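Hi,

Here is the structure I promised to pass on.

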Amino acid sequence: MATMESLIGLVNKIQRACTVLGDYGGEGMSLWEALPSVAVVGGQSSGKSSVLESVVGRDFLPRGSGIVTRRPLVLQLHKTEGGIEYAEFLHVPKKRFTDFAAVRREIADETDRITGNTKKISNIPIHLSIYSPNVVNLTLIDLPGLTKVAVEGQPETIVQDIENMVRSYVEKPNCIILAITPANQDIATSDAIKLARDVDPTGERTFGVLTKLDLMDKGTNAVDVLEGRAYRLQHPWVGIVNRSQADINRNVDMIAARRREKEYFESSPEYGHLAHKMGAEYLAKLLSKHLETVIRQRIPSIIALINKTIDEINAELDRIGRPIAADGGAQLYTILEMCRAFDRVFKQHLDGGRPGGDRIYGVFDNQLPAAFKKLPLDRHLSLNNVRKVISEADGYQPHLVAPEQGYRRLIDGSLSYFKGPAEACVDAVHFVLKELVRKSIAETEELKRFPSLQSDLAAAANDSLEKFRDESRKTVLRLVEMESTYLTVEFFRKLHLEPDKNSNSPANPSVPNLDRYSENYFRRIGSNVTAYVNMVCDTLKLSIPKAIVCCQVLQAKRALLNQFYVQVGRREKEQLGKMLDEDPSLMARREQLAKRLELYKSARDEIDSVAWK
């Protein structure tokens with residue numbers, strides 16, 4: 001089996017790494033929280049700071065009246081094999097403090113940096129690691145002292161704020177509670193014991209510590225408490241004799257203070273029989289041993305949490321994308337894969353797998369017919385305009401048989417109106433295609449990490465769409481021109497055979513008669529032209545959509561990125577690398593995930609190797 005020091009030392013190491021990576025708290029249970037630690041809880045002036053300093057063997061905590069601890073202090077003790085003692089802060093990386101008076105000043109300054117020079121508190125922890133041959137491997141969390149009233153300069157909510165902060169730590173099932181109570185205070189009124197009882201009613205996680213035993217009134221003692229008769233806990237009570245204020249003023253070092261504490265218990269008639277279970281050194285060893293036991297019990301659940309987190313990190317890395325290789329071939333392959341992924345999404349929009357393609361059909365089925373209906377054909381083929389065009393068509397020489405030039409002018413003028421709706425239909429489909437390109441780029445998961453490639457891809461696709469639109473516009477205009485440059489003669493030949501239902505005169509206005517320049521004559525011409533234009537309109541309703549689909553939609557499906565592929569294939573490695581520039585925040589996120597993944601895998605391997613030796 002692994003030694004106690006190696007197992008707890010590994011837990012400290014993992015917690016330290018979690019802290020550096022910011023894997024501390026948050027939603028769910030982090031690895032940091034899954035690993036046991038000790039929260040130091042007590043009322044103001046209960047001797048919390050002195051207990052911590054006794055465990056560490058160093059004088060390093062700020063002192064004063066009122067609330068001195070205004071931010072949680074996460075203190076990790078690392079046992080070393082000889083060498084100098086030193087401390088490190090997470091917020092001052094790579095700086096070693098060998099002067100513990102400087103450590104005290106840094107704690108005070110860092111506290112003021114967040115809370116200001118006030119009596120307010122903050123739940124943002126300060127992380128401190130101490131490396132020494134005189135400590136046991138342990139993680140302690142020093143919390144603000146519980147208080148009953150707010151003093152001047154403190155918010156009215158300070159009492160509840162402190163309790164809420166302390167509870168946020170001690171409610172966690174992996175937190176061991178070190179409840180500090182002064183011996184010269186009635187145990188029944190102890191803030192620390194009351195809070196511990198609320199969150200740990202069975203007492204499985206609570207260790208009781210009695211301080212200030214040497215300050216009790218003469219003739220009184222705390223034997224009933226220390227022996228568990230006054231208030232029973234599952235774990236033994238430990239008595240502590242801290243340095244007096246006079247000792248602190250005289251800078252009595254902690255090693256001498258420990259020695260005097262030991263002498264006090266051994267020579268005490270009340271506590272002599274308990275001396276081997278009293279003092280800061282015994283407390284540190286007791287906590288360390290209990291931590292080792294708890295860690296062994298929790299190893300299966302810790303490993304399960306680690307495995308679950310590794311799966312989640314891998315899934316997120318797959319979602320945001322793995323790092324891209326540096327060589328040009330791999331970069332080109334990645335770009336082409338991104339393009340293919342985009343192309344698949346774009347085609348799904350067109351073919352109905354995703355919404356959007358139906359809007360093109362809406363242009364053909366609704367917008368184009370509606371535009372044709374709004375054409376001013378009635379005005380162009382009004383009786384007055386027909387008379388004017390027919391009369392002017394032959395100049396000084398009237399037509400001899402039929403006003404063919406007049407017919408052609410009327411038809412040409414009418415069909416010219418169809419160019420506008422035809423071009424508008426092309427533009428409407430172009431707009432839909434551009435919008436589908438934008439949506440497809442946004443919906444292509446693989447592209448989200450490469451904003452530069454997104455921009456290049458959008459620009460190339462839109463350039464292609466512009467070319468397709470130009471070709472489509474030429475084609476639909478040709479369709480309209482074809483209808484006006486070569487008329488369907490068969491349509492007019494049939495007019496000779498159809499009798500005029502509204503007149504006794506011959507159907508063909510070319511037949512000479514006295515009424516040939518009458519109102520009915522021109523109305524008949526207008527009716528014939530209208531019928532022909534309506535026939536052409538029906539033809540264009542079918543042919544324009546076909547031309548647009550052929551020139552724009554199918555081309556977009558088949559060749560949207562063809563030119564882009566040619567351009568990309570000619571680019572150098574440096575240019576390809578720029579196309580694969582990622583969002584800095586995404587790169588930072590991937591780097592953080594990679595470090596967390598490495599941490600969790602390393603933690604799993606090390607826990608497996610150490611725990612079962």
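Of the 613 residues in the protein chain, 49% count as buried (buried is under 20% relative accessible area, exposed is over 50%, partly exposed is in between, with a 1.4 Å probe and protein chains only). Before you dig in: this is a predicted model, so local features need pLDDT of at least 70 and side-chain atom pairs count only at pLDDT 80 or more, while totals for chains, interfaces and linings use all residues. Residues are numbered from 1 along each chain as its sequence is written, and side-chain values use heavy atoms, with hydrogens and water left out.

The overall layout

The protein chain has 22 helices and nine strands (DSSP runs numbered from the N terminus: H or I with at least four residues for helices, E with at least two for strands). Among contacts in the protein chain with a separation of 6 or more, 80% are between residues 24 or more positions apart (a contact means heavy atoms within 4.5 Å).

Nine strands form an open sheet with mixed pairing, in the order 4-3-5-2-6-1-7-8-9 (two strands pair if DSSP finds at least two bridges between them). At the edges sit strand 4 (92-97) and strand 9 (238-239), each of which pairs on one side only.

Strand 1 (residues 37-42) pairs with strand 7 (residues 175-182) in the parallel sense, over six bridges. Along that pairing, V40 has L178 as its bridge partner, and G42 stands opposite I180. Strand 7 also runs parallel to strand 8 (residues 206-211), joined by six bridges; here I177 has T206 as its bridge partner.

How well is strand 7 covered? Eight of its eight residues are buried. C175, I177, A179 and T181 are buried on one side, and I176, L178, I180 and P182 are buried on the other, so both faces of the strand are covered.

K94 has a phi near 65 degrees, a positive value in a residue other than glycine. K94 lies in strand 4, and its 87% relative accessibility makes it exposed. K212 isn't a glycine either, yet has a positive phi of about 60 degrees. You'll find K212 in the loop between strand 8 and helix 7 (223-226), where it counts as partly exposed at 22% relative accessibility.

A helix pair

Two packed helices are described by the angle between their axes and the distance between the axes. For helix 3 (residues 48-56) and helix 10 (residues 280-320), the angle is about 80 degrees and the axes are 8 Å apart. That makes helix 3 roughly perpendicular to helix 10. Angles under 35 degrees count as roughly parallel, over 145 as roughly antiparallel, 65 to 115 as roughly perpendicular and the rest as oblique. The axes are lines fitted to C-alpha atoms, for helices over the stretch in contact, with angles running from 0 to 180 degrees between N-to-C directions.

Which residues meet there? V51, S54 and V55 come from helix 3, and A280, L283 and A284 from helix 10. The contact divides into five nonpolar residues, one polar and no charged (Ala, Val, Leu, Ile, Met, Phe, Trp, Tyr, Cys and Pro are nonpolar; Asp, Glu, Lys and Arg are charged; the others, Gly among them, are polar).

Salt bridges

How many salt bridges does the structure hold? There are 33, counting a side-chain nitrogen of Lys or Arg within 4 Å of a carboxyl oxygen of Asp or Glu.

- R104 and D59 meet at 3.2 Å, N to O. This pair links distant parts of the chain, 45 residues apart: R104 is in helix 4 (residues 100-115), and D59 is in the loop between helix 3 and strand 2 (73-79). R104 is partly exposed, with a relative accessible area of 25%.
- R167 bridges to E171, with the closest N and O atoms 4.0 Å apart. E171 is partly exposed at 47% relative accessibility.
- K308 and E312 meet at 2.7 Å, N to O. Both lie in helix 10, four residues apart, about one turn of the helix. E312 is partly exposed, with a relative accessible area of 42%.

There is a network too: salt bridges with shared partners join E423, D427, E466, R469, D470 and R473.

Cheers
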